[in-house]
Amino acid sequence: MDKLLEISKEALERIAQVADLKELNDLRVHYLGKKGPIQEAMKSMKDMGQEERIAFGKVSNEVKQNVSQAIEDAKAKLERIVMEEKLASESIDITLPGFKVASGSLHPLTHVVNTLEEIFLGMGYQIAQGPEVETDYYNFELMNLPQGHPARDMQDTFYIDVNYLLRTHTSPVQARTMLKANGQGPIKVICPGKTYRRDDDDATHSHQFMQCEGIVVDKNITMANLKGTLELFVKELFGEKRAIRLRPSYFPFTEPSVEVDVSCSNCGGVGCSMCKQTGWIEILGAGMVNPKVLKMSGFDPEVYQGFAFGIGIERVAMLKYGIDNIRDFYNNDIRFLAQFAREDK
Ligand code: FA5
């Protein structure tokens with residue numbers, strides 16, 4: 001019994017002096033472990049009489065409990081000290097200015113597509129999509145450009161094989177949309193997307209660019225509807241001051257056809273390198289849907305008429321933001337892109 005009390009005294013003294021958690025854990029293993037001095041002392045119980053054994057058992061349990069409690073208390077105290085030291089050394093000065101998190105911004109072409117979509121959705125259009133890897137059939141045949149047609153040269157093409165190509169314009173989506181409608185109007189859709197041509201890159205041409213197709217098919221549609229729509233679109237996009245000009249043109253899929261120019265925002269119409277000294281920049285092609293095209297896509301041209309247009313997105317973006325080189329959109333120079341701040345900033 002004396003031995004036991006001696007062990008208890010020694011354990012409590014050592015625990016009281018312990019300096020860190022590791023040392024405390026070593027003491028716990030030593031005193032409360034199976035090979036520890038308390039357990040060792042308890043071995044003598046087998047030689048004791050019953051009364052003595054009961055008394056000894058009681059005391060040894062108390063000793064174990066006391067030692068265990070002392071260890072817990074010391075542990076809590078040491079952990080608190082560690083935490084306080086940590087808090088003191090890692091104190092945060094909440095009055096310091098924060099770090100600025102770098103965030104990206106929408107690409108200017110994405111801004112323009114979003115704006116076009118908003119304008120045309122506001123006019124009651126829906127948005128359609130078509131594949132960039134297109135078949136010759138949709139890109140040319142259904143657009144009234146059969147094999148060997150000289151106008152195919154107007155859109156020098158990246159062919160994948162004899163049937164597949166990278167679409168040269170967004171017009172194949174016209175055919176896809178009309179065929180889906182099974183000869184039943186009205187149709188009123190736009191289709192923004194990427195297009196590809198074997199054009200030589202210069203300040204206003206790129207081998208990969210974007211267009212936004214638009215097509216309306218209904219009864220009693222005339223050229224006046226087309227002109228009114230384009231005027232409204234240009235004014236919404238560029239403001240009341242921009243003028244548009246329609247030039248007679250030729251597209252096999254529209255008859256009559258026009259090319260639409262907007263007065264140059266860079267020089268105000270006087271002439272500069274961006275508008276090739278003409279004061280105008282061509283932004284889209286348009287016209288009344290050729291009756292042959294309507295027929296091939298399942299519509300009766302005696303009942304339905306339509307107009308269509310194909311807007312060059314880069315040209316619009318150049319005019320809108322005063323950019324004089326189309327390559328800026330594709331060079332991914334962060335100093336250029338960072339100027340188009342996020343709308344939610
Ligand atoms: C067409 O692509 C016709 N599909 C447009 C159309 C649709 C006409 C529906 C009638 C009815 P065009 O080849 O002119 O037409 O191209 C239309 C616009 O795309 C041009 O006005 C121009 O803004 C843009 N564009 C054409 N080629 C390039 C190029 N290489 N780089 C950048 N923009 C281009």
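1. **Ground rules.** This is a predicted model, in which local features need pLDDT of at least 70, side-chain atom pairs count only at pLDDT 80 or more, and totals for chains, interfaces and linings use all residues. Residues are numbered from 1 along each chain as its sequence is written, and side-chain values use heavy atoms, with hydrogens and water left out.

2. **Confidence.** The protein chain has an average pLDDT (the predictor's confidence in each residue, from 0 to 100) of 91, and 99% of the residues score at least 70. Helices (H or I, at least four residues) and strands (E, at least two) are DSSP runs, numbered from the N terminus. Confidence in the chain is lowest in helix α3 (residues 37-42), with a mean of 86, and highest in strand β4 (residues 187-196), at 98.

3. **The sheet.** You will find 7 strands in an open sheet of mixed pairing, ordered β1-β4-β5-β9-β8-β7-β6. β1 (126-127) and β6 (244-251) are at the edges with a single partner strand each, so one side of each is left without a neighbour in the sheet. Two strands pair if DSSP finds at least two bridges between them; β6 and strand β7 (residues 254-263) are joined in the antiparallel sense over 7 bridges.

4. **A helix on the sheet.** Helix α5 (residues 108-122) lies across β1, β4, β5 (208-218) and β9 (305-312), and runs at about 170 degrees to β4. Axes here are lines fitted to C-alpha atoms, for helices over the stretch in contact (heavy atoms within 4.5 Å), and angles run from 0 to 180 degrees between N-to-C directions.

5. **α1 and α2.** Helix α1 (residues 2-17) packs with helix α2 (residues 21-32) at an angle of about 170 degrees, their axes 10 Å apart. That makes α1 roughly antiparallel to α2 (angles under 35 degrees count as roughly parallel, over 145 as roughly antiparallel, 65 to 115 as roughly perpendicular and the rest as oblique). The contact is made by Ile 7, Glu 10, Ala 11, Arg 14 and Ile 15 of α1 with Leu 24, Leu 27, His 30 and Tyr 31 of α2.

6. **Backbone spots to check.** Most residues other than glycine have a negative phi, and most peptide bonds are trans. Gly 185 and Pro 186 are joined by a cis peptide bond, with omega about -5 degrees; Pro 186 is in the loop between α7 (172-180) and β4. That loop also holds Asn 182, whose phi is positive, near 55 degrees. The bond from Glu 255 to Pro 256 is cis too, with omega near -5 degrees, and Pro 256 lies in strand β7.
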